[in-house]
Amino acid sequence: MKKQLLQILKNTSGISEDQIEEAERIKAEKGGIIADILVKKNFITEHQLLEALSLQYDIPFWPRLPSQPIETEVTERIPIHFLKKYIMVPLVSNGHSEKGNPAEESGETDLSGYVIAVNDPAAFQPLDDLIRLIDAVNFQVVLSTKEAILSAINLSYDLNRDSAEQLVQNMEESDGATIISEIQDTADLLDDTSDAPIIKLVNHIISQAVKARASDIHVEPYQDSFKVRYRVDGILYDLLSPPKWIQPALTSRIKVMSKMNIAEKRLPQDGRLEVKIGDQDIDVRISTIPTTFGERVVLRLLNKSTSLLELSELGMTPQKLATLKKLVTNPNGIILVTGPTGSGKTTTLYAVLASINTPDINIITIEDPVEYQLRGISQIQVNPKIDLTFARGLRSIVRQDPDVVLVGEIRDPETAEIAVQSALTGHLVFSTLHTNDSAGAITRLVDIGVEPFLISSSVLAVVAQRLVRALCSNCKAPSQPDALAMETIGIDPKWLADYTIYEAVGCPDCLNSGYRGRCAILEIMQMSGKLKSLILQTYDSNRIKEEAGIETLRDDGIQKILNGITTIEEVLRVTQR
């Protein structure tokens, strides 16, 4: 990176010499580009970097892009993965200002033809290729954010494909007996040119789910209809309700893609497949169960292209972050993360492992399933078909001389016993439990069959976690909550003199939900001497929680409400007592 850019960043963003030196150290150890490292470490924002590049290259910076989609002839000529690989997009402009607002408002009306938005102004060769592909004579290059460019690409390629409703209509107009046709593997769903309507419909459903940041797709059969729904940020939204006769074809197509037995409709089945959508690699896990009105299908989407979060990105308060960092430096003991399915337990544990993953530590995990591949860590996939259970895998792991062990979940007495013995014999063990709060984990362990004296000797801490939806930064608005809501959650009206509470509004960026993304709320119960003595006398979770005197999930949620991160309704939804 040119010294000139570093100097511009010092002047415009106030970055310090220490931060630059740390970025250079990381580059020397792991490689990469200093500018990207500075953004990843949160020393500067992407906006600050692009503003500096704008000054360096004398290219306008547009935080927002015009809403006009790419022309159809351009989308037909340029593969979507080319634009996504180099993060650039050609848009037709009739005049726009550098701030992404209509140029008429600023008096700038001389911009016409193509506006080519790029994220990396140094990518000269791909830019030349793009200009040649679209035969651009009159064009202007501007800088924009990755999110804005990728959104423009996705919007344009989606609009230039048939909508889900149109695909369903085409199927209704065609011969239903010929719907299931020859199946072919495809490298990229957005590049698939198959004419089979059912293939196009399934591809469209999956690509739309990825675009909407959905974690799951549900295909739910009813007596005379069926429904397709997405789960986005933990909430289910209806996508479409096709005619009932399309259901068997849709289910069969999904089962063929995941190499399930399409003839077996009486038993539950599990499968998986990998698809590419643009530059994103999506791992799809599929589960089917027979119901009265046909097979119910759930597709769990795991975007392997997204980077793992670091501990500092989980949204913890500085005190909780410091506590957790101190806990994970212990040489032995058990740290448990509890919460319901989908509460981010695995993400938190992966962030913890990444924070302690150094060449001098041997880390082995056993998981069901292995959700992300972690460099430098040995990961084992549970496989009940060959009797590779958590207990059997864990028993073998401890013979591999590990320093740190991650057990995906403690489900049975045997796994719990081996985990405790591992912690007592010099290993640091991480695992998860399904309990409502941190104190309930102690009760659950005793219920599984672990002796109280072993719990007090081995457990270092229990972290309880929930995910709340974060307010959309584009449309959140200040609000004055009613007295009943504040009393219910425990907010003193006097606090509003120092804090502003926001409400969800809704805009196109957040699918009109008012929320975009999620953040964690946590409670951390450390095992003090008094707590260990109490566990030897009783394992009543209420007594344990009272003795621990910890900041609860609700307390952490209140802090995030006051900081403008989420809403009262969200915290009440996930922490109802």
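Visitor: Why is Asp482 called partly exposed?

Guide: The model is a predicted one. In it, Asp482 has a relative accessible area of 49%. Buried means under 20% and exposed means over 50%. The value of 49% lies in between, so Asp482 is called partly exposed.

Visitor: Where is Asp482 found?

Guide: Asp482 sits in the loop between β16 (477-478) and α19 (483-489).

Visitor: What makes the pair Asp482 and Leu484 a polar contact?

Guide: A polar atom of the Asp482 side chain lies 3.2 Å from the backbone nitrogen of Leu484. The cut-off for such a pair is within 3.5 Å, and 3.2 Å meets that distance limit.

Visitor: Why does Ser422 count as buried?

Guide: The relative accessibility of Ser422 is 3%. The limit for buried is under 20%, so Ser422 counts as buried. This residue belongs to helix α16 (residues 413-424).

Visitor: Which residues does Ser422 touch, leaving out those up to four places away in sequence?

Guide: They are Val398, His427 and Val429. To touch here is to have heavy atoms within 4.5 Å. As for Arg395, its C-alpha is 9.1 Å from that of Ser422, and the two are 27 residues apart in sequence.

Visitor: How do you know that α20 is roughly antiparallel to α21?

Guide: Two packed helices are described by the angle between their axes and the distance between the axes. For helix α20 (residues 529-537) and helix α21 (residues 541-548), the angle is about 165 degrees and the axes are 10 Å apart. Angles over 145 degrees count as roughly antiparallel, so α20 is roughly antiparallel to α21.

Visitor: Which residues make the contact between α20 and α21?

Guide: On α20 they are Lys530, Leu531, Leu534 and Ile535. On α21 they are Arg543, Ile544, Glu547 and Ala548. The crossing of α20 past α21 is right-handed.

Visitor: What share of the residues in the protein is buried?

Guide: Of the 577 residues, 49% are buried. The accessible surface of the protein is about 28,200 Å², and carbon and sulfur atoms hold 49% of that surface.

Visitor: How many helices and strands are there?

Guide: The protein has 23 helices and 18 strands. Among contacts with a separation of 6 or more, 66% are between residues 24 or more positions apart.

Technical notes: Residues are numbered from 1 along each chain as its sequence is written. This is a predicted model: local features need pLDDT of at least 70, side-chain atom pairs count only at pLDDT 80 or more; totals for chains, interfaces and linings use all residues. Side-chain values use heavy atoms; hydrogens and water are left out. Helices (H or I, at least four residues) and strands (E, at least two) are DSSP runs, numbered from the N terminus. Buried means under 20% relative accessible area, exposed over 50%, partly exposed in between (1.4 Å probe, protein chains only). Accessible areas come from the Shrake-Rupley method with a 1.4 Å probe; for residues, only the protein chains shown count as cover. A polar contact is a pair of N or O atoms within 3.5 Å; within protein, one must be able to donate a hydrogen and the other to accept it, and residues adjacent in sequence count only if both atoms are side-chain atoms. Axes are lines fitted to C-alpha atoms, for helices over the stretch in contact, and angles run from 0 to 180 degrees between N-to-C directions. Angles under 35 degrees count as roughly parallel, over 145 as roughly antiparallel, 65 to 115 as roughly perpendicular and the rest as oblique. A crossing is left-handed if the near helix is turned anticlockwise from the far one by less than a right angle, and right-handed if clockwise.
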